[in-house]
Amino acid sequence: MSKRRLPKSHQKQHTAPDENFIMLPTVDFCFKELMKNEKVRKGFIAALLNENPEILEETELLSGELPREYEDEKLGILDVLVRFRNGKRMNLEMQVLTFDYWQERVLFYLGKVFTGQLKKGEPYSILQKCVHVSILDFQQFPEDHTCFRSFHLREDVSGQLYSDKLEIIVMELPKLPPKARTEKEVIKWMRFFNCKRKEDFIKMAETDTYIEEAYRELERLSADESHRLEYEAREKALRDYITLMESANSRGMAKGMEKGMEKGMAEGEERVNRLNRLLLASQRYDDLEKSAHDTEYQKQLFEEFHL
């Protein structure tokens, strides 16, 4: 696809701080607001499905703020729930923080979206495909360099598809490869989401008309005071959460080391006491005295008595 050139007014450098400000799509509030734009949503979903956006069927947004199922979910997660004209549903989540048991959470909510299609008394035949899309700013699968993958229910040996009604798509932004001359549309979208500077967004906007619309929407959101306040509040909540977790981990590690040292010392003392009791029972008084002053000889005795 040929590069699209933005008007010069969008390419010039600004010096005013407010004009340089741009929201980042990795903040889930910003991502959710972007997906409210029908053209942006169409372009991104078409890239996910490897389809032509011009022929992609219409989608509508459903209420998609996940309920806090457990008391420890202090931060909450914002998602985008989309329904296609044929009933198919797609749940889009931008997640910047490493999340314990993320796979289990994805399965849980994908199951809720799938079963939520049925009302009491309705037949299973009306169930439509449901897709969960995780856009992650951390590595879920650190053992390889694959940044985009799709999971289905398949038989282990033959690979036969059990059902196409459930699909999980994982996009890992930190794994984006070096930029190539030609790239799939979904990789372009990942690069756009991963941008950190205004000039980077502008360059990506020149590669695709739908990404250009996403950039223009970013500009509109960033210039709107009410949206900016909501964005900054969400960004602060994310920073506070990270700080809280890091602080808790540090305290936990310190306590763990302290307890570990105490436990190690206690176990060491018990080991010496057991050796002394065995030497006394065997009337090996000379070995007992020598081991009290010679640690190497004490180690030999530990091995002898399998301690």
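Two residues are taken to be in contact when heavy atoms of one lie within 4.5 Å of heavy atoms of the other. In the predicted model, Ile-22 meets this criterion with Lys-198, Phe-201, Tyr-215, Leu-218, Glu-219 and Ser-222, when residues up to four places away in sequence are not counted. Ile-22 sits in the loop that joins α2 (17-20) to α3 (28-34). Its relative accessibility is 8%, and because buried means under 20%, Ile-22 counts as buried.

The protein chain as a whole contains 11 helices and six strands. It has 307 residues, 40% of which count as buried. When contacts between residues at least 6 apart in sequence are considered, 63% of them join residues at least 24 apart.

In soluble globular proteins, nonpolar side chains tend to be buried together. The largest nonpolar core of the model comprises 52 residues, and the members that touch the most others are Phe-44, Leu-92, Trp-189, Phe-192 and Phe-193. Helix α4 (residues 38-49) makes the greatest contribution to this core, supplying seven residues. Another core, of 13 residues, lies apart from it and includes Trp-102, Val-113, Cys-130 and Ile-168.

Helix α6 (185-194) is largely enclosed by the rest of the structure, because eight of its 10 residues are buried. The buried residues of α6 are Val-186, Ile-187, Lys-188, Trp-189, Met-190, Arg-191, Phe-192 and Phe-193. Contacts of Phe-192, neighbours within four places in sequence left aside, are made with Pro-25, Leu-34, Phe-201, Met-204, Ile-211, Ala-214, Tyr-215 and Leu-218.

Empty space was examined next. Rolling a probe the size of a water molecule over the atoms shows where such space is left. The second largest pocket holds about 360 Å³ of space. Its lining consists of 21 residues, and those nearest the centre of the pocket are Ala-46, Ala-47, Asn-50, Glu-51 and Glu-185. At least two lining residues of this pocket come from each of α4, β5 (148-154), β6 (161-172), α6 and α8 (209-223). Helix α4 provides the largest share of that lining, with five residues. By class, the lining of the second largest pocket is made up of 11 nonpolar, five polar and five charged residues.

One cavity of 30 Å³ or more is present in the structure. The volume of the largest cavity is about 50 Å³. The residues lining the largest cavity are Glu-38, Lys-42, Leu-56, Glu-57, Glu-58 and Thr-59. Four of these lining residues are charged, one is polar and one is nonpolar.

The cysteines were considered last. A disulfide is a covalent bond between the sulfur atoms of two cysteines. The structure holds zero disulfides. Cys-147 has a relative accessibility of 8% and therefore counts as buried. Cys-195, at 7% relative accessibility, likewise counts as buried. Cys-130 is one of the residues of the 13-residue core.

Methods:
Residues numbered from 1 in each chain as written. Predicted model: local features only at pLDDT ≥ 70, side-chain atom pairs only at ≥ 80, totals over all residues. Heavy atoms only, no water. Core = buried A, V, L, I, M, F, W, Y, C linked by side-chain atoms within 4.5 Å. Buried < 20%, exposed > 50% of the residue type's maximum accessible area, 1.4 Å probe, protein only. Helix = DSSP H or I, 4+ residues; strand = E, 2+ residues; numbered from the N terminus. 1 Å grid on protein atoms, 1.4 Å probe; cavity = no way out; pocket = protein on both sides within 12 Å on 5 of 7 lines; lining within 4 Å. Points joined across faces, edges and corners; volume = space filled by probe spheres on them. Nonpolar A, V, L, I, M, F, W, Y, C, P; charged D, E, K, R; others polar. Disulfide = S-S within 2.5 Å.
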